[in-house]
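Work through the exercises below with the sequence and coordinates at hand. Each task is followed by a stepwise solution.

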Amino acid sequence: MCKVFAEQDPQGYRQINRSVRIGGHSTSIQLEATFWQLLDEIAESQKMTTPRFISTLYDEALQAQGEIPNFASMLRTTCALYLRGVQIAAEKPGECPSALIAEHAA
């Protein structure tokens, strides 16, 4: 087993609650610290605050899917898709990570 995984800092998987406003309602979302760091990075790449990014993502997903059975899980997979897109973008210079994420999510 890889030591990078087994010996990771426990602070990375510490649970953190953040309050965000979605659809005009304040709600609390609990995710591991590493996912919050990634969401902050994604939001910054979109020139948004993290709460604004989360709210926009929620609205767009609701419009596209009609419902969101587990939004916290959706946020985690959003981070995974982002990381996959960043990895692919490094392999394909000049291509937009957002487009690559969409391409691999389909």
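Arg 18 is partly exposed, at 27% relative accessibility (buried is under 20% relative accessible area, exposed over 50%, partly exposed in between; 1.4 Å probe, protein chains only). The model is predicted, with local features needing pLDDT of at least 70 and side-chain atom pairs pLDDT 80 or more, while totals for chains, interfaces and linings use all residues. Residues are numbered from 1 along each chain as its sequence is written, and side-chain values use heavy atoms, leaving out hydrogens and water.

**Exercise 1.** Find the salt bridges in the whole structure (a side-chain nitrogen of Lys or Arg within 4 Å of a carboxyl oxygen of Asp or Glu).

*Solution.* 
1. The search returns two salt bridges.
2. One joins the side chains of Arg 18 and Asp 40, at 3.0 Å from N to O. Arg 18 belongs to strand β1 (residues 15-22) and Asp 40 to helix α2 (residues 33-45), so the pair links parts 22 residues apart in sequence. Helices (H or I, at least four residues) and strands (E, at least two) are DSSP runs, numbered from the N terminus.
3. Asp 40 is partly exposed, at 28%.
4. Glu 32 and Arg 76 form a salt bridge at 3.1 Å, N to O. Glu 32 is in strand β2 (residues 25-32) and Arg 76 in helix α4 (residues 71-91), so this pair ties together parts 44 residues apart in sequence.
5. Glu 32 is buried at 17%, whereas Arg 76 is partly exposed at 24%.

**Exercise 2.** Which residues does Ile 54 touch, not counting residues up to four places away in sequence?

*Solution.* 
1. Apply the contact criterion: heavy atoms within 4.5 Å.
2. Ile 54 touches Val 20, Ile 22, Ile 29, Trp 36, Leu 39, Phe 71 and Leu 75.
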